[in-house]
Amino acid sequence: MGERAKRSEKYALCHVCGSTEFSHSVLREAFEIERKHLLVKNIPAEICSRCGERIFSRETTEKVRLIVHGKTKPVKSVSMDVFAY
Ligand SMILES: [Zn+2]
């Protein structure tokens, strides 16, 4: 594992199944931060073509972190119904 993590490719391999094949996609993700529910749309991600694991780049992860912690103004605000399974 440690050896592989040093590889410089952006998405060298899936950390779940070890596959090296990914397809690019954009996702929406829901977050709950301090009892506030947030939805972030259009997050770029790589999807593992074998197991479906979603992989975000470090830049993307950082940008999403800034967004959900209120550094960015939301494009719109909607009310959301929340259900428990
Ligand atoms: Zn995988």
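Here is a short tour of a predicted model, with something to select at each stop.

**Stop 1: the sheet.** Start by showing strands as a cartoon. You'll find an open sheet of 3 strands, paired antiparallel, in the order β1-β2-β3. Now colour residues 22-33 and 54-55, which are β1 and β3. These two stand at the edges with a single partner strand each, so one side of each has no neighbour in the sheet.

Stop 2: Next, select residues 58-71, helix α2. Which strands does α2 lie across? Those are β1 and β2, and the helix runs at about 170° to β2.

**Stop 3: the loop between β1 and β2.** Go to Glu34, which sits in the loop joining this part of the tour, between β1 and β2. Check its backbone: phi of Glu34 is near 50°, a positive value in a residue that isn't glycine. Is Glu34 buried or exposed? Glu34 has 7 C-beta neighbours inside 10 Å, so it counts as exposed, the cut-off for that being 12 or fewer.

Then click on Arg35, also placed in the loop between β1 and β2. Arg35 isn't a glycine either, yet its phi is positive, at about 70°. Arg35 counts as exposed because it has 5 C-beta neighbours inside 10 Å.

Technical notes: Residues numbered from 1 in each chain as written. Predicted model: local features only at pLDDT ≥ 70, side-chain atom pairs only at ≥ 80, totals over all residues. Pairing = 2+ DSSP bridges. Helix = DSSP H or I, 4+ residues; strand = E, 2+ residues; numbered from the N terminus. Contact = placed C-beta atoms within 7 Å. Axes fitted to C-alpha atoms, helices over the stretch in contact; angles between N-to-C directions. Buried ≥ 20, exposed ≤ 12 C-beta atoms within 10 Å, placed from the backbone.
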